[in-house]
Amino acid sequence: MANYKKFPNYEVFVSIENAIIKLINNDEFYAHIIMNMKIVTSKSVPTLGVGVINNSLTLLYNEQFFNGFSIDEQCLLLQHECAHIMLGHLIDRAERVKPEDRLIKNIAEDAAIHEILTKIKITLI
C-alpha cells in the first residue's frame with residue numbers, strides 16, 4: 001500500500017484506502033495507475049476527478065460522495081478515473097476545447113469509459 005503516512009492529513013485517506021487495496025489485489029493494471037497518483041480529498045470537487053496539479057498526476061475526491069458507495073462501486077469509480085488517464089483525456093485539455101464545449105467533451109469521455117468498463121465486464125472479487 002502507498003505510504004500515506006507521509007501526508008500531514010493521513011486520516012483523510014482511510015476512506016479510500018480499502019478500495020485501493022482491493023484494486024491492487026484484483027487489477028494490477030489500474031492499480032499501477034492509481035499507485036502513481038497523489039490522492040487528495042477535496043470538498044471543492046463534487047465527485048472525483050483526475051488532473052495534473054503542480055506537475056503531479058492527482059486524484060481529487062469528495063470523501064462524502066465516495067463513502068456513499070459500496071467497496072465494489074468505489075473500485076469502479078477509481079477505475080473510471082484511471083481510464084481518463086489511459087485514454088489521454090488530460091492531454092492539452094484546456095487548449096483543445098472551448099470553454100462552452102467542455103461539458104460535452106466530458107460527457108463524451110465518460111460515455112467512452114463506461115462503454116469500455118462494461119464491455120470488458122470488470123469483476124471485483
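**Note on the salt bridges, pocket and surface patch of a predicted model**

1. E109 and K105 form a salt bridge in which the closest N and O atoms are 2.1 Å apart; the term denotes a side-chain nitrogen of Lys or Arg within 4 Å of a carboxyl oxygen of Asp or Glu. The two residues stand 4 residues apart in helix α6, so about one helical turn separates them. Helices (H or I, at least four residues) and strands (E, at least two) are DSSP runs numbered from the N terminus.

2. This is a predicted model, in which local features need pLDDT of at least 70 and side-chain atom pairs count only at pLDDT 80 or more, while totals for chains, interfaces and linings use all residues. Residues are numbered from 1 along each chain as its sequence is written, and side-chain values use heavy atoms, with hydrogens and water left out.

3. Both E109 and K105 are buried, that is, under 20% relative accessible area, where exposed means over 50% and partly exposed in between (1.4 Å probe, protein chains only). For K105 the relative accessible area is 16%. The C-alpha atom of K105 is separated by 9.4 Å from that of H89, the two being 16 residues apart along the chain.

4. The count comes to 2 salt bridges. One of them joins D72 to K22, with the closest N and O atoms 2.5 Å apart. Because D72 lies in helix α4 and K22 in helix α1 (residues 14-26), this pair ties together parts that are 50 residues apart in sequence. D72 is partly exposed at 34% relative accessibility, whereas K22 is buried at 17%.

5. The largest pocket holds about 250 Å³ of space. A pocket here is an open set of points on a 1 Å grid over the protein atoms alone, where a 1.4 Å probe fits, with protein on both sides within 12 Å along at least five of seven lines; lining residues have an atom within 4 Å of a point. Of its 12 lining residues, T47, L48, G49, E81 and H84 are the closest to the centre.

6. At least two residues of this lining come from each of β2 (48-53), α4 (71-86) and α6 (102-119). The largest share, 4 residues, is that of α4. By class, the lining has 4 nonpolar, 5 polar and 3 charged residues.

7. F29, M86 and L87 make a nonpolar surface patch of about 260 Å²; such patches take residues with over 30% relative accessible area and no salt bridge, nonpolar side chains being joined within 5 Å and like charges within 9 Å. M86 lies in helix α4 and is partly exposed at 34% relative accessibility.

Terms used
Points joined across faces, edges and corners; volume = space filled by probe spheres on them. Nonpolar A, V, L, I, M, F, W, Y, C, P; charged D, E, K, R; others polar. Areas by Shrake-Rupley, 256 points an atom, 1.4 Å probe, with all protein chains shown as cover.
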